[in-house]
Amino acid sequence: MSRVYNFSAGPSMLPLDVLKKAQEEMLDMGGSGQSVMEMSHRSGEYQAIIDKAEATFREIMNIPDNYKVLFLQGGASTQFAMVPMNLGNKSKVADYVTTGQWAKKALAEAKRYITANEIASSADKTFSYLPDVDKSMLTPGADYVHITYNNTIYGTHYNTLPDFGDATIVTDMSSCILSEEVDFNKFGLVYAGAQKNMGPAGVTVVVVRDDLIGNAMDITPTMLNYETHAKNGSMFNTPPTYAIYICGLVYEWIKDMGGVKVMHEKNVEKAKILYDFLDNSKMFRGTVVPKDRSLMNVPFVTDSDELNAKFVSESKAQGFVNLKGHRTVGGMRASIYNAMPIEGVKALVDFMTKFEKENS
Ligand SMILES: *Cc1c(COP(=O)(O)O)cnc(C)c1O
C-alpha cells in the first residue's frame, strides 16, 4: 500500500487510524453481522453509534448544555439558506462580513429571504486579510451577524473574535472545526460541513443555541427547519448514517490523543514549519497578512505562473497531491488539516527547499 500526502482543501485526508478502524468494522460492526451502511437508522445498534458520536463531539468541543448538536445533510451550502430562514425572522435583517467566496455565497443566499447587509469586505485585496469589524458597524436590531471563521480558499482565520457586543454571532467553521478550542457561548449558531476537518462528505454539523430554534419563517421547508431535526435527534428522516459513524471515529481519535487542545498545539507546530519556510524563502511567499493566517489552509505563490505550474506538477510526481491553488488566487495552497501528519508538512518543506535550489 502506498498513500500520498493529500493537501486537498476538501474532501481531504482522514486519519489513517480512523480508516483502519472503519476497515476492521466494515463487514461486521460490533458483532451485529452488518456493516454500518446496512443498518436501519431506527435500530438500537445505530442509535448507539449516533449517540456516541454526539456525546464525544460535545465532550471534546465542550458544547454547553443549552446548545443542540444536529447532524444534517445538504452541506454547508444549505446552511446559507437555513440560517436566514430560521434566525432571520424577527427584524428580517442580518449583517454579513464578506471575506471570501463562501462568505459571498452565504450573503447572496440570505438576500433571497431577508435584508442582508454587507458591513465589511476584503474583496479589494483578493480576500488576503480580514477587515476590522466591531459592534459599531452592526445594524441596530439585526437578528444576527454572520462571519466565516476560516476562509478555506484564501487562508484567513479569525485569530481573535471581533467584539460584536451582545449580537447573535453565526459562523461557518467548515474548515477549522476541531482544529482549536472554541467557546461556543460566544456564538448563537456554528455550522461546519464534515469533509474538511471532520469526516467524509455528506454530513454537516450544526451547533445551535436552544432559544434560536422554533422561530423559522412560515415558508421554511420542514427539512430546513432546525426545530424538525432538534425535536427528532437528527432522525426526522434517514440521516447520513455512515458519514456520522466516521465522524464519530474521528472524534474518538482526537479524544484519544488528548483532545482538541493537543490537536491545536500540533496544528500550530505544523503550520509554523510551513510559514517559517515561506517567510524565509526567496522564491515562495504566503499570500495572507501574517496576523490573519490560517493554521489549516496555507496559500502561497512564486512570482512566475510557469514556476507555479512546474511546482504543482513536480510535487504531484513526488506524492504531494492537490497543491494547486484556487483559480482566484493562483499559485498553490496546502491544506494541512488535523489528519495531515507533521511528517507530511516536513516532507513538503524539504521538497520546496530542493525545488527552490534547483530552479533559482
Ligand atoms: C467547503 C466550504 C463550504 C461549502 O461546503 P459544501 O459542503 O460543499 O456545501 C462552505 N463554507 C466553507 C468555509 C467551506 O470551506
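Reader: Why is histidine 146 called buried?

Author: This is a predicted model, and the values are computed from it. Histidine 146 has a relative accessible area of 1%. Buried means under 20%. The value of 1% is under that cut-off, so histidine 146 counts as buried.

Reader: Where is histidine 146 found?

Author: Histidine 146 is part of strand β5.

Reader: What makes the side chains of histidine 146 and tyrosine 191 a polar contact?

Author: Their distance is 2.7 Å. A polar contact needs a pair of N or O atoms within 3.5 Å, where one must be able to donate a hydrogen and the other to accept it. The side chains of histidine 146 and tyrosine 191 make such a contact.

Reader: Why is strand β5 called largely enclosed?

Author: Strand β5 takes in residues 144-148. Five of the five residues are buried, so the strand is largely enclosed by the rest of the structure.

Reader: Which residues of β5 lie on one side, and which on the other?

Author: Tyr144, His146 and Thr148 are on one side. Val145 and Ile147 are on the other. They are all buried, and both faces of β5 are covered.

Reader: How do you know that β3 and β5 pair?

Author: Pairing takes at least two bridges. Three bridges join strand β3, residues 93-98, to β5, so the two strands pair. They run parallel. In one of these bridges, aspartate 95 has valine 145 of β5 as its partner.

Reader: What makes β5 and β8 a pair?

Author: Four bridges join β5 to strand β8, residues 169-172. At least two are needed, so this is a pair as well. These strands also run parallel. Here valine 145 has isoleucine 169 of β8 as its bridge partner.

Reader: Which residues surround the ligand?

Author: Among them are Gly75, Ala76, Ser77, Phe80 and Trp102. Thr148, Asn150 and Thr152 also belong to the shell. So do Asp172, Ser174, Gln195 and Lys196. Helix α3, residues 75-87, gives the most to the shell, with four residues.

Reader: How do the residues of the shell divide by type?

Author: Three are nonpolar, seven are polar and two are charged.

Reader: What is the peptide bond between glycine 10 and proline 11?

Author: The bond is cis, with omega about -10°. Proline 11 is in the loop between β1, residues 5-6, and α1, residues 16-25.

Reader: What is the phi of phenylalanine 127?

Author: Phi is about 55°, a positive value, although phenylalanine 127 is not a glycine. The residue is in the loop between β4 and β5. Its relative accessibility is 5%, under the 20% limit, so phenylalanine 127 counts as buried.

Reader: Is serine 234 buried or exposed?

Author: Serine 234 has a relative accessible area of 4%, so the residue is buried. Its phi is also positive, near 60°. Serine 234 is in the loop between α5 and α6.

Reader: Why is arginine 42 called exposed?

Author: Exposed means over 50%. Arginine 42 has a relative accessible area of 52%, so the residue counts as exposed. Arginine 42 is in the loop between α1 and α2. An unreviewed UniProt entry lists Arg42 for "binding site".

Reader: Why is alanine 334 called buried?

Author: Its relative accessible area is 0%, under 20%, so alanine 334 is buried. Alanine 334 is in strand β14, residues 332-335. Alanine 271 is 63 residues apart from alanine 334 in sequence and 9.9 Å apart in space, C-alpha to C-alpha.

Notes: Residues are numbered from 1 along each chain as its sequence is written. This is a predicted model: local features need pLDDT of at least 70, side-chain atom pairs count only at pLDDT 80 or more; totals for chains, interfaces and linings use all residues. Side-chain values use heavy atoms; hydrogens and water are left out. Buried means under 20% relative accessible area, exposed over 50%, partly exposed in between (1.4 Å probe, protein chains only). A residue is near a molecule or strand if one of its heavy atoms lies within 4 Å of it. Ala, Val, Leu, Ile, Met, Phe, Trp, Tyr, Cys and Pro count as nonpolar, Asp, Glu, Lys and Arg as charged, and the others, Gly among them, as polar. UniProt positions are given in the numbering used here, feature names are shortened, and annotations may be inferred rather than shown by experiment.
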